[in-house]
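This report is meant for a reader who meets the structure for the first time. It begins with the aromatic rings and then turns to the chain as a whole.

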Amino acid sequence: MPTPRVLATQAAEATIDLLRDEHGPLMFHQSGGCCDGSSPMCFTKGEFRIGGNDVWLGQIHGCDFFMSTSQFEYWQHTQLTIDVTKGRGASFSLEIPLGVRFLIRSRLFTEEEAKDMTPVLNGEEYLETA
């Protein structure tokens, strides 16, 4: 089984469950902008328009996870773990009204893991397969 590029903690999964119950299918995107733009943002699936400047990294708890291509250049050698913490972010992410925000923890892939990672798709390739 390929090494996943993105994972979620149990706390993040519990938050995703709450949000999915209220909003339906979800997706994540990390743009790498300033402030909260560098945090993973949760949207109703399809609410954020994916294109050729985005990369699909995989799924967390049944939700597609995307990142801007420019951010992927920096993060491609790391495994991302989506977690949740108390505190209000200043973004449009769906978890904000719950008084929590998603965040990323990362670690470098080992040499062994890097040999067999989940393949990525650019946004256009993803849309063709979706």
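## Aromatic pairs and overall build

The count comes to five aromatic pairs, where rings of Phe, Tyr and Trp (its six-membered ring) pair if their centres lie within 6.5 Å, and where planes under 30 degrees apart count as stacked, over 60 as edge-to-face and the rest as tilted. One of them joins Phe28 and Phe65, whose ring centres lie 6.1 Å apart with planes at 20 degrees, so this pair is stacked. The pair links distant parts of the chain, since Phe28 sits in strand β2 (residues 26–30) and Phe65 in strand β5 (residues 63–68), 37 residues apart; helices (H or I, at least four residues) and strands (E, at least two) are DSSP runs, numbered from the N terminus.

This is a predicted model, in which local features need pLDDT of at least 70 and side-chain atom pairs count only at pLDDT 80 or more, while totals for chains, interfaces and linings use all residues. Residues are numbered from 1 along each chain as its sequence is written, and side-chain values use heavy atoms, with hydrogens and water left out.

Phe28 counts as buried at 0% relative accessibility, and Phe65 counts as buried at 0% as well; buried means under 20% relative accessible area, exposed over 50% and partly exposed in between (1.4 Å probe, protein chains only). The rings of Trp56 and Tyr126 have their centres 6.2 Å apart and their planes at 20 degrees, so that pair is stacked. Here, too, distant parts of the chain are linked, with Trp56 in strand β4 (residues 54–60) and Tyr126 in helix α4 (residues 123–129), 70 residues apart. Both Trp56 and Tyr126 are buried. Ring pairs also link Phe28, Phe65 and Phe102 into a cluster.

| Pair | Centre distance | Plane angle |
|---|---|---|
| Phe28 and Phe65 | 6.1 Å | 20 degrees |
| Trp56 and Tyr126 | 6.2 Å | 20 degrees |

Turning to the whole chain, the protein has four helices and eight strands, which follow the pattern β-α-β-β-β-β-α-β-β-α-β-α along the sequence. Along its principal axes the C-alpha trace spans about 40 × 30 × 30 Å. Buried residues make up 43% of the 130 residues in the protein. Among contacts (heavy atoms within 4.5 Å) with a separation of 6 or more, 62% are accounted for by residues 24 or more positions apart.
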